[in-house]
Amino acid sequence: MQPALRSVVVVGGGLAGLSTCSALRASGFAEDVVLLAAEPHLPYDRPPLSKEVLTGASTAADTQLQPEDWYAANAVDVRLGTRAVALRPAERAVETADGSTLRADAVVLATGGTARPLPVPGGGLAHLLRTRDDADRLRAELVPGARLLVVGGGLIGAEVASSAVSLGCEVTLADPDPLPLAGPAGALVAAYLHRQHADAGVRLVEAGVTALERRGGAVHARLGANPVAEEVEADVVLAGIGIVPDEALAVSAGLDVAGGVLVGPDLRTSIPEVLAVGDVARPRGYDGPLARREHWDAAVRTGEGAAATLLGAEPPAPAAPWFWTDRYGVHVEVAGTVPQDGVPVLRGDPESGSFAVFFLEDGRLAAAVSVGRGPEARASRRLVDAAAAVGPAQLSDEAVDLRRLARAVRM
């Protein structure tokens, strides 16, 4: 029988941290909950930062995950601008930068990650995009006619390129990978997405950046290596090359870390009274650590899972990885993990801008990538969650209603 839980401190004011607090309250936990947010802003949604916030379609208030009065109504003691600097598990204590010490029966680490800086000479000249303040600084420079160099063609880089084009910027995108996102989305969809850039007037350079240097009012970027290196002059540079998990607090506390804080299926770390959720958490597998999931859905689900663990409740039902991206007016959803040797099945015509690619493995649906197909994307996700045994003929035939198939699987 586990001891009574009377207090929880959640370290990190992002989606995963807030989801933990929300799930605790929704499950009936009525004791103390403190949420430490290092940023001065109430918890906000990050996906709009590279899209609606950057283009001005959304305001800061639009991105708040909960209105200000939600915290008082749910008795969540949210402390903004409060950074945790030490975790002392033996004392069940968290020390903050202002010298305060909070004691709790359990601590949930939701420290997330920081944008990975460009590891080249002059790399500090590149903007990073991880926080609302980052987005505000970048947006101020994306004026019509500004020359933007985007380093990295993944989700953030591609979305910023799309936003900048809509703002009237001249955009160059540099990535040594000829098909960014081929791993998570498959080659066919990755090729379609990459072509969008060129169709929108973005100059694509298949090379990495080796140096940045400010000369006069511009940044000069060296792309590639001799003898084919070239120099690009830009007014603004953005590095969109991923994130680094913020595991410093865990390291100082002696928790097991390996490119993230290692957790079991119950989200507990190597010290059971400390849990980790969201981008910073890395699941342990039978043969070693598994990949971290850095997407919105994973933040919500791990927050809910941590709350269930703390309360001794049934964990949320398992679900396949899921993420989305929006660029150039097209919405893309990816459910599941694209298998390396999976059988791809095409539904629809890529030339129409509305299609899907399914991936079968051992006769079951392992992943689905939907382009411009909202209602079908939701059905596809349910089929992937169920690892449904569906055939290529059903998936490719647009006369077959995927929503009906998904309902049949759930019965």
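The legends below describe close-up views of a predicted model.

Residues are numbered from 1 along each chain as its sequence is written. Because the model is predicted, local features need pLDDT of at least 70 and side-chain atom pairs count only at pLDDT 80 or more, while totals for chains, interfaces and linings use all residues, and side-chain values use heavy atoms, with hydrogens and water left out.

View 1. Strand β10 spans residues 170-174, and four of its five residues are buried, so the strand is largely enclosed by the rest of the structure (buried means under 20% relative accessible area, exposed over 50%, partly exposed in between, with a 1.4 Å probe and protein chains only; strands are DSSP runs of E, at least two residues, and helices runs of H or I, at least four, numbered from the N terminus). Five bridges pair β10 in the parallel sense with strand β9, residues 147-151, where two strands pair if DSSP finds at least two bridges between them. Val-151 has Ala-174 of β10 as its bridge partner, and Leu-173 stands opposite Leu-204 in β11.

**View 2. Salt bridges of Arg-215.** A salt bridge is a side-chain nitrogen of Lys or Arg within 4 Å of a carboxyl oxygen of Asp or Glu. Arg-215 forms one with Glu-231, their closest N and O atoms being 2.9 Å apart; since Arg-215 lies in strand β12 and Glu-231 in strand β14, the pair ties together parts that are 16 residues apart in sequence. The side chain of Arg-215 also meets that of Glu-213 in a salt bridge (3.1 Å, N to O).

View 3. Arg-301 and Asp-297 meet through their side chains in a salt bridge (3.1 Å, N to O). Asp-297 is buried at 8% relative accessible area, whereas Arg-301 is partly exposed at 29%.
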